[in-house]
Amino acid sequence: MAELKSATESVFTLNFCQNAFYDLIDKYGKFKEIDGVLYHNGNVGGMGWIFGPPKSYTVQSYDKNKIVLNFICDGLNMNSSFPKEIEYEFELTLIYENGGWKVNNFYDCFGGSSPVNPIESNATISESTAFFLPDMDDEQQQFNQTYIRPILLSGLLMRDWHSDNYSAISLNSNGEYDNALLYAFEDILGFNNKDAPAILEQYNGKFPEKIIDDVLLSHFDFTAEQLHKILSPYYKADEKIYTYFEEGRGGGPIESAVTGVTRESNGTITVEYIYLTN
């Protein structure tokens with residue numbers, strides 16, 4: 001842990017480290033030292049918003065102890081369920097501390113400024129420069145775009161489930177029920193229908209059975225009865241509606257690539273893929 005803190009403090013000020021990282025170690029348990037060995041809990045995700053590398057910088061002010069920069073970077077629109085990127089404008093402060101320049105605020109973490117003037121962009125998700133993904137041929141790109149990307153952000157690909165044991169699709173890594181399948185509904189709808197935001201707003205949290213069933217049953221090997229059971233906390237059989245309100249999501253960037261496609265004699269297609277996330 002001491003080595004990890006030393007490396008962190010070579011980049012960030014001590015005050016920032018304390019507020020943004022150290023105070024949260026015990027609470028979230030992402031890192032823990034046991035008998036001199038540092039362990040990482042893979043079930044704990046990132047903290048704060050994470051965006052792509054800055055695209056441009058402007059120096060706002062500087063003196064011998066402090067530099068204030070303004071920069072623009074791409075990031076997912078956290079107020080939308082759909083995988084669209086927008087541009088964010090941020091202020092970043094560097095402080096001269098212990099013989100070197102250190103980051104004293106960054107993005108929207110503790111001690112940092114909030115994004116100002118989000119700029120809507122026509123940009124769509126591209127392969128993030130933060131990850132090195134294998135090259136894909138045309139078929140692999142097609143399968144990635146058609147089957148993997150639409151449900152990537154929902155988290156369903158990080159779970160061990162099968163149509164013969166479909167109940168596991170609704171359980172997170174802690175064994176708790178969540179609404180990831182409804183996240184998938186939003187994302188698939190967004191990939192295939194440019195009017196998706198208007199559709200979600202139109203029904204205002206009360207969706208006719210057919211709207212959600214048609215989207216999810218076109219992508220998953222469930223029966224309608226199984227789907228209604230999985231989504232029982234949201235499904236009202238007597239009214240034939242789902243009661244569900246769109247929720248905000250957190251987490252860091254995530255990318256995927258298809259590495260293999262195998263066609264079986266019985267018509268089954270097996271798709272091998274990888275995903276990378278922070």
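Is Glu139 buried, partly exposed or exposed? Glu139 is partly exposed, its relative accessible area being 29%; buried stands for under 20% relative accessible area, exposed for over 50%, and partly exposed for values in between (1.4 Å probe, protein chains only).

1. Basis of the note. The model is a predicted one, in which local features need pLDDT of at least 70 and side-chain atom pairs count only at pLDDT 80 or more, while totals for chains, interfaces and linings use all residues. Residues are numbered from 1 along each chain as its sequence is written, and side-chain values use heavy atoms, with hydrogens and water left out.

2. Salt bridges. Side chains of opposite charge can pair when their charged atoms come close. Here a salt bridge is a side-chain nitrogen of Lys or Arg within 4 Å of a carboxyl oxygen of Asp or Glu. The search of the whole structure finds 2 salt bridges.

3. Arg263 and Glu139. These two side chains form a salt bridge at 2.5 Å, N to O. Arg263 belongs to strand β11 (residues 254–263) and Glu139 to helix α3 (residues 138–152), so the pair ties together parts that are 124 residues apart in sequence. Helices (H or I, at least four residues) and strands (E, at least two) are DSSP runs, numbered from the N terminus.

4. Lys210 and Asp214. A salt bridge also links Lys210 with Asp214, where the closest N and O atoms are 2.8 Å apart. Both residues are in helix α6 (residues 209–217), and their spacing of 4 residues separates them by about one helical turn. Lys210 is exposed, at a relative accessible area of 57%, whereas Asp214 is partly exposed, at 41%.

5. An open sheet of 3 strands has the order β8-β10-β9, with antiparallel pairing; two strands pair if DSSP finds at least two bridges between them. Strands β8 (206–208) and β9 (235–236) are the edges, each pairing on one side only. Between β9 and strand β10 (residues 241–243), the antiparallel pairing has 2 bridges, and Lys236 stands opposite Ile241 in β10. Helix α6 lies across β8, β9 and β10 and runs at about 70° to β8. For such an angle, axes are lines fitted to C-alpha atoms, for helices over the stretch in contact (heavy atoms within 4.5 Å), and angles run from 0 to 180 degrees between N-to-C directions.

6. Phe90. Strand β5 (residues 85–97) contains Phe90, which counts as buried at 1% relative accessibility.
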